[in-house]
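User: Please take a close look at one part of this model, the disulfides, and then follow the chain into its surroundings. I would like one connected answer in plain terms.

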Amino acid sequence: MAAPVFAAEVTQERLENADKETGNWLMVHRTYDAHRFSPLDEINKDNVAKLKIAFTTQFDQATAGGRYASARNEGTPLVEDGFMYVQAGWSRIYKVDVRDGRFGKIVWKVDPEVDRQWISDATCCGAENRGIAFWKNDVIALTLDGRVMSINKDTGEVNWETQQADKARAESFTVAPLVIGDVAIYGPAGGEYGIRGWLEGIDLNTGKSKWRTHLIPGPGEPGFETWVREDTWKTGGASIWQTGSYDPESGLTFWGTGNPAPQIDAEYRPGDNLYASSLVALNPETGEMKWHFQFTPNDPYDYDEIGETQLIKTDDGTVAWRAARNGFSYAFNSGNGSLIHATQYVDDVNWTTGIDQKTGLPLNYDPEADLQKYAEGTVGVRDKVPGIYCPTLGGGKNWQPASYSSTSKLAYVTSNEGCSAYLPTAAPNPTITGGDYNVATAQQEWNGRLPAPEGTVLPKPGTGSVVAINPLTGEVKSKVHLPARGNGMLATAGGLVFMSDRAGWMYAYDDETLELLWSFNVGTSLGSPPMSYAVDGKQYIAVLAGAAPSTAQIEQEPALKYFTPSDSLFVFSID
């Protein structure tokens, strides 16, 4: 059946009912509840062993920019009625005709021509992006150098663009926007350089900011008293990397925030440091904060809590569940933020003896202290003694999205296991908020973190895992261990859980036991979580390439050091 020349508008009604559009994937997590669950079941436990590559599409050369050998593709493609929309390397946006299932035909390409040298100088961790959004007949895209763009979905014509992040403060965009009504919501990365984090709602009719809510409170604002030292709130961090979720019934949107800055040197910023390392619930029309929860007050471990929150309907209301970077998964009443449970899901946690099941605070949190010491030996002493702590600095779960299956009733998380050791150090110039950046010196001058002294022994080396968790109880149902963490999860009605990793592997697991049922290596590093779509009833699994293998993966398989980065798409199907 031929598709219309012009696609239907993606209305608010369609987004709220995205779960009913079986073959489409209309937003970064597919649905507002961030389940990343596909109801497609053509590919299932019985036939997944027959899954093979249907086609690949090369978007561009994996070209360098400054110190980055190539851009990273960490986003999720969107699909509507046989057309795929992708933000690939260096913030380029593509429309791809995937209707015939034989190869992806690029319909149009928009190149924002980002300033690669600035990105290299002023972003901490890679030239990555994590996706785009639909609004009516437009694609809404953010660029690494801080722009918001509205692009006609049919023609690729740019309707408008506006600079919303402050490049002089090293604010950048890596997150996919979340569209609610006529508003797109997003926030900047850049906590490594001491930004004052924020979330913003932009009016998509005008391209003008409708509201901006700072995630580090200023004088007179609730939470300001948690920044005890004068002026530390101005560069307090709380950046945004991963797209939030939205509950149309309560009218709240939920976002996780990054670490306080400097990262490891909590002595610079005494106090609990709200609203860093927190979950915040906001009104998407006004940006008003309705409730918040802080996971690791005064965070001395760099436990960003920027991941997404899964919203799960129960007979007693909606549960807001998330696997936190600090090694525990938390379930909240989505309406008021009251804790339901907090349960350990990583193998090893030593930074706290547990979580108070009434307050959600760590058991060794001291409400009278401006500097939290938590468990002995896990928080270092400036320039003298390293902190040795589990889980690792990278988590637990990080930005890599979890999924939730409405058939198995389990959530699936890709996580880090193991421990880290870092030495806190006084930042010599901790107020870098403008001018030209030299990353080689700027991070040393801001993040308050040095490697642990040579010979420091970790309790456990770093590895990865996939974990199946009952989010209503926190019980870990099954777990498999991997050399390194994967790129995020996809659950399907076929009883499968898919994951990709930077060693080039695609995996399919049994959604009850996590038994490995299928794997395939594409021969280049994968950077994004898998997704699924259908055309004329035929199911496909898609994933973006554009990354480099991790050090742990190369150590286990030295051949990976010869992988060449690729700015491309891999699509799988069963004949």
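Analyst: The link of C390 and C419 is right-handed, with 90 degrees about the S-S bond. C390 sits in the loop between β25 (387-389) and β26 (403-404), and C419 in the loop between β27 (411-417) and β28 (420-424), so this pair ties together parts that are 29 residues apart in sequence. This is a predicted model, and in it the two sulfur atoms of C390 and C419 are 2.0 Å apart. Both C390 and C419 are buried.

The count comes to 2 disulfides. The other one joins C124 to C125, with an S to S distance of 1.6 Å. The link of C124 and C125 is left-handed, at -75 degrees about the S-S bond. C124 is buried, with a relative accessible area of 16%, because the limit for buried is under 20%. C125, at 38% relative accessibility, counts as partly exposed. If the bonded cysteines of the chain are numbered in sequence order, the pairing reads 1-2, 3-4. A disulfide is a covalent bond between the sulfur atoms of two cysteines.

In soluble globular proteins, nonpolar side chains tend to be buried together. Here the largest nonpolar core has 87 residues, and L51, M84, L199, F498, Y533 and F572 are those with the most contacts inside it. Strand β37 (residues 538-545) gives the most to this core, namely 6 residues. Another core, of 39 residues, lies apart from it and includes F254, I312, V319 and Y389.

Leaving out residues up to four places away in sequence, M84 touches P77, L78, V79, Y94, K95, V96, V98, Y533, A542 and L569. The bridge partner of M84 in β6 is V96. Strand β5 (residues 83-87) and β6 run antiparallel and are joined by 5 bridges. β5 and β6 form a hairpin with 5 residues between them, and W90 in the turn has a positive phi of about 55 degrees.

On β6 (residues 93-97), 5 of 5 residues are buried. I93, K95 and D97 point one way from β6, while Y94 and V96 point the other way. β6 is also joined by 5 bridges to strand β7 (residues 105-110), and these two run antiparallel. In β7, K109 is the bridge partner of Y94.

How values were computed. Residues are numbered from 1 along each chain as its sequence is written. This is a predicted model: local features need pLDDT of at least 70, side-chain atom pairs count only at pLDDT 80 or more; totals for chains, interfaces and linings use all residues. Side-chain values use heavy atoms; hydrogens and water are left out. A disulfide is a pair of cysteine sulfur atoms within 2.5 Å. Buried means under 20% relative accessible area, exposed over 50%, partly exposed in between (1.4 Å probe, protein chains only). Helices (H or I, at least four residues) and strands (E, at least two) are DSSP runs, numbered from the N terminus. A nonpolar core is a set of buried Ala, Val, Leu, Ile, Met, Phe, Trp, Tyr and Cys residues joined through side-chain atoms within 4.5 Å. Contact means heavy atoms within 4.5 Å. Two strands pair if DSSP finds at least two bridges between them.
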